[in-house]
Amino acid sequence: WQKFLRLDSNKVELFCFLNAKMKEVTSIEHTLTLTDGEGVICVPQRDISGIAPSNHEEADSRIMVHAADAFRKGFTKLLVRSVDTDVVVLAVALIEQIEASELKLWIAFGTGKDLRYIAAHEICDALGPRKSLCLPMFHAFTGCDTVSQFARIGKKTAWKIWEIHEEEITNALFLLHNAPTVIPADVEATLEKFVIWCYDRTSTSTSINEVRKLLFTRRGKEMSMLPPTQAALKQHIRRATLQGGHYWGNLASAYRNLPSPADWGWTSPECWKPLWSDLPQASASCPELLKCRCRSKCTECCCVKEQLKCTIFCTCKGECANV
């Protein structure tokens, strides 16, 4: 980690150095625009009211602010260079958000032999308006940089389920893409069924807790392959809505009024961490279910920490006199 932190520090220093040098430039053959914290440096100087100040912390979404500004300035053919999937997803949504049907937005994606040009405007046309607008919300819900992915469920699996139940799921994602202040119960229910279908396409159950029980008891699925609990899923939906709706729902605006992450599935403001569930941990609510792996007398196993005697479920079969 020290190596990566050192590399990031070097990048920041280089970026600051380049920005400082650009402030000294008075004329240049082409127009150059650089981010500078919440501000923007332009050479030659021009009106930057549409792009600064900006509270976009992610470079992915801030790129879209500049793309929207370029379109408003009359440019209809844009090329964005990136190696991040998020940029492709946001580019598709941006075209619909700014209603730029005439915009040709290309993404130069990848490096070396894997470099290819992706036409975001063609993807937008193929998906249609509503699905294009919902794409960032779908991406956040199924796993992105700030929202965890469902265990053993990839984008392809989730996309197939979306195609099968397109109208129902699209309606739910569309409402969340508009950054609601409260998530309606029927939307949570729809997304709960969405996750259930990802793990069991033939299921008719509407309770993810019941599906977890079925997969574990009757189908022998490992705990790591089960869907989240209903309580955990609710927090997941909140984190996804914060990212896909509040952060990515209006990509063309440089400055947005954002809610506190504490209301959307995060905790510990001094160092934000995901709130995985508002239910107590099983070890706290059902300590009798604990089992340790000690093979003889021990003083540091989980049974000792909970002041319990080892049971037949422990590796020692209850013979360890640990208390």
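Where in the chain is the place of Leu115? Leu115 lies in the loop between β4 (104-109) and β5 (116-119). The model is predicted. Its chain has 323 residues, and 41% of them count as buried. Twelve helices and seven strands make up its list of secondary-structure elements.

**The chain as a whole**

- The accessible surface of the chain is about 19100 Å². Carbon and sulfur atoms hold 54% of that surface.
- Take the contacts in the chain with a separation of 6 or more: 54% of them join residues 24 or more positions apart.

**A nonpolar patch on the surface**

- Leu115 belongs to a nonpolar surface patch with Leu79, Trp106 and Tyr117.
- Together, these four residues have about 410 Å² of accessible area.
- Leu115 has a relative accessible area of 33%.

**Aromatic pairs**

- The whole structure holds five aromatic pairs.
- One of them joins Phe138 and Trp159. Their ring centres are 5.5 Å apart, with 80° between the planes, and the pair is edge-to-face.
- This pair links distant parts of the chain. Phe138 sits in helix α5 (residues 129-141), and Trp159 sits in helix α6 (residues 155-164). The two residues are 21 residues apart.
- Phe138 is buried, at 5% relative accessible area. Trp159 is partly exposed, at 23%.
- Phe141 and Phe150 form another pair. Their ring centres are 5.4 Å apart and their planes meet at 65°. That angle is over 60 degrees, so the pair is edge-to-face.
- Phe141 is buried, with a relative accessible area of 1%. Phe150 is buried too, at 8% relative accessibility. Both count as buried because their values are under 20%.

**An aromatic cluster**

- Phe138 and Trp159 share one aromatic cluster with Trp162.

**Charges over rings**

- Trp162 also has a charged neighbour: the charged end of Lys131 sits over its ring. The distance to the ring centre is 4.8 Å.
- Arg130 has its charged end over the ring of Phe174. Here the distance to the ring centre is 4.3 Å.

How values were computed. Residues are numbered from 1 along each chain as its sequence is written. This is a predicted model: local features need pLDDT of at least 70, side-chain atom pairs count only at pLDDT 80 or more; totals for chains, interfaces and linings use all residues. Side-chain values use heavy atoms; hydrogens and water are left out. Patches are made of residues with over 30% relative accessible area and no salt bridge: like charges are joined within 9 Å, nonpolar side chains (Val, Leu, Ile, Met, Phe, Trp, Tyr) within 5 Å. Accessible areas come from the Shrake-Rupley method with a 1.4 Å probe; for residues, only the protein chains shown count as cover. A salt bridge is a side-chain nitrogen of Lys or Arg within 4 Å of a carboxyl oxygen of Asp or Glu. Helices (H or I, at least four residues) and strands (E, at least two) are DSSP runs, numbered from the N terminus. Buried means under 20% relative accessible area, exposed over 50%, partly exposed in between (1.4 Å probe, protein chains only). Contact means heavy atoms within 4.5 Å. Rings of Phe, Tyr and Trp (its six-membered ring) pair if their centres lie within 6.5 Å; planes under 30 degrees apart count as stacked, over 60 as edge-to-face and the rest as tilted. A charge sits over a ring if NZ of Lys or CZ of Arg is within 6 Å of the ring centre and within 35 degrees of the ring normal.
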